[in-house]
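Please keep the sequence and the coordinates at hand while reading.

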Amino acid sequence: METILIVDDEAFIRENVQRVLTEDGYRVLEAANGQQALELIAAEEIDLALLDLNLGPDNGLALLTSFKELNPELLVIIITGYGSVESAVDALKLGAFDYMKKPFKADALRVIVKLALQTQELRREVRSLRRSSDLGEQTRLLGTSPLFVAALEQVRDVARIPSATVLVTGESGTGKELVARAIHTLSDRREHPFVAVNCASIPAELMESELFGHERGAFTGATIRKTGLFEEANNGTIFLDEIGDMHATLQAKLLRVLEERTVRRVGGSRDLPVELRVIAATNRNLEERIKTGSFRADLYYRLNVVPIQLPPLRERKEDIGLLAKYFLDSFSRSFGKDFQGIAPEALQLLEGYGWPGNVRELKNIIERITIMANGTLLTLEHLPADLSRQTANVGQPIAVPSLAGAQGLEQALSSFEQQLIRQALQQTEGNVVKAASQLKIPRGTLRYKMEKYGL
């Protein structure tokens with residue numbers, strides 16, 4: 001519901017305007033003088049103000065300037081009983097949207113208010129699109145789908161708060177590290193380090209030393225002092241990817257860092273202050289891991305200050321063509337190829353695929369095509385045969401592999417298992433939880449088999 005402020009020292013004017021606009025479904029606030037109006041503008045989210053130029057001791061034009069200083073986006077319609085051309089021109093020069101002369105009819109009021117609010121909404125949409133476009137150009141986060149644009153808005157907003165801890169969630173391949181880098185790039189920390197750590201790739205026994213550093217002689221082989229990654233990221237951003245796989249002991253130490261903003265090197269005796277932003281990311285369901293006891297609830301709440309959920313590519317159908325063309329242009333330049341576009345039937349196939357590997361899978365396919373093929377147009381013939389089959393065969397019976405075409409029972413079973421998993425992922429549009437339920441196997445087992453078969 002839009003909020004409109006009427007500023008007039010005549011009570012009957014305020015009452016009549018409020019009655020008309022309230023009937024039309026607006027929320028209407030009243031102010032009898034400039035001070036009341038300024039207090040309301042400072043305290044409330046106001047979309048439109050109707051301002052009388054003749055407010056007794058208050059100067060309407062001066063108030064218009066003060067309104068704009070408090071809220072530059074506020075639209076103001078001037079009301080005057082002294083409809084001189086000079087006062088109207090002065091008001092418009094100072095940023096008024098329009099003006100009305102007293103007395104005015106209810107229908108005229110309704111028309112100008114509706115026009116002003118429509119203009120306000122259009123301005124907001126343009127600003128939002130410009131911000132999203134600028135963000136995409138700076139960070140390679142590309143997309144126009146509503147879910148993705150909403151995520152970009154969150155990125156832009158949280159970047160302004162350099163101390164806010166962020167938890168980025170989403171399936172593998174959705175661009176969680178790109179989001180983390182975007183937050184860093186758009187923040188005041190951009191001139192300082194961005195340090196990325198994959199918590200799943202470093203063995204647990206080495207992770208503490210990597211994160212916090214160690215003193216000389218702290219353990220066998222520690223022949224020199226080592227600076228930890230938290231110290232390296234001081235004044236910048238540390239990105240903890242796959243945080244859901246962090247060992248329980250390190251979770252407790254990370255919680256201490258978040259609470260106290262200090263680190264202690266392995267074998268050290270003093271705490272070292274660190275001033276940085278922590279961004280964590282995971283494709284795991286941390287709330288489920290809390291229930292099973294594999295992730296600390298207190299750490300989760302410390303990390304989940306600003307949550308950003310990235311949608312899977314299958315929920316961003318309108319972005320597939322945009323991303324594919326971006327990757328095609330980029331790789332064509334890199335590899336000296338002449339691809340200029342994508343044929344409509346090839347694009348239709350790309351948009352019909354479930355993309356269990358999300359943007360990363362799309363990028364890899366386009367890169368492979370650009371390396372191996374030539375031409376000016378990416379066509380159906382360039383796309384992998386298995387992608388075509390998977391798109392076409394959703395819901396179709398699975399062919400039982402023949403031993404004659406396999407090297408033995410193990411290979412035949414493996415081929416059959418792979419087909420079952422592909423179909424389950426297609427039928428559930430890449431939802432691993434639903435696919436695992438359909439296959440009646442644990443989710444972790446399905447993820448393992450997906451990695452095994454490169455799905």
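## Confidence

pLDDT is the predictor's confidence in each residue, on a scale from 0 to 100, and a contact is counted where heavy atoms lie within 4.5 Å. The model is a predicted one, and its protein chain has a mean pLDDT of 85, with 89% of the residues reaching 70 or more. Confidence is highest in strand 8 (residues 166-169), at a mean of 97, and lowest in helix 16 (residues 385-392), where the mean is 65.

In two stretches the pLDDT stays under 50. One of them covers residues 392-397, for which the model has six contacts beyond four places in sequence; for the other, residues 130-138, the model has 13 such contacts.

## The second largest pocket

The second largest pocket has a volume of about 650 Å³ and a lining of 28 residues, among which Asn-283, Arg-284, Asn-285, Arg-443 and Arg-447 lie nearest its centre. By residue class, the lining divides into eleven polar, nine charged and eight nonpolar residues.

Which elements each supply at least two residues of this lining? They are strand 8, helix 11 (286-292), strand 16 (306-309), helix 18 (432-439) and helix 19 (443-453), and the largest share, five residues, comes from helix 11.

## The two sides of helix 18

Helix 18, which contributes to the pocket lining, has Val-432, Ala-435 and Ala-436 as buried residues. Seen down the helix axis, the buried residues of helix 18 fall within an arc of 100°, and they therefore line one face of the helix. An α-helix has 3.6 residues a turn, so that residues three or four places apart point the same way.

The face of helix 18 that is turned away from this buried side carries Lys-434 and Ser-437, both of which are exposed. After helix 18 comes Lys-440, a residue with a positive phi, near 60°.

## His-214

His-214 has its place in strand 10 (residues 213-214). Is His-214 buried or exposed? With a relative accessibility of 8%, His-214 counts as buried, because the term applies to residues under 20% relative accessible area.

Beyond its neighbours within four places in sequence, His-214 is in contact with Ser-209, Phe-219, Ala-222, Ile-224, Arg-225, Lys-226, Arg-265 and Val-266.

Terms used:
Residues numbered from 1 in each chain as written. Predicted model: local features only at pLDDT ≥ 70, side-chain atom pairs only at ≥ 80, totals over all residues. Heavy atoms only, no water. Helix = DSSP H or I, 4+ residues; strand = E, 2+ residues; numbered from the N terminus. 1 Å grid on protein atoms, 1.4 Å probe; cavity = no way out; pocket = protein on both sides within 12 Å on 5 of 7 lines; lining within 4 Å. Points joined across faces, edges and corners; volume = space filled by probe spheres on them. Nonpolar A, V, L, I, M, F, W, Y, C, P; charged D, E, K, R; others polar. Buried < 20%, exposed > 50% of the residue type's maximum accessible area, 1.4 Å probe, protein only. Arc of directions from axis to C-beta.
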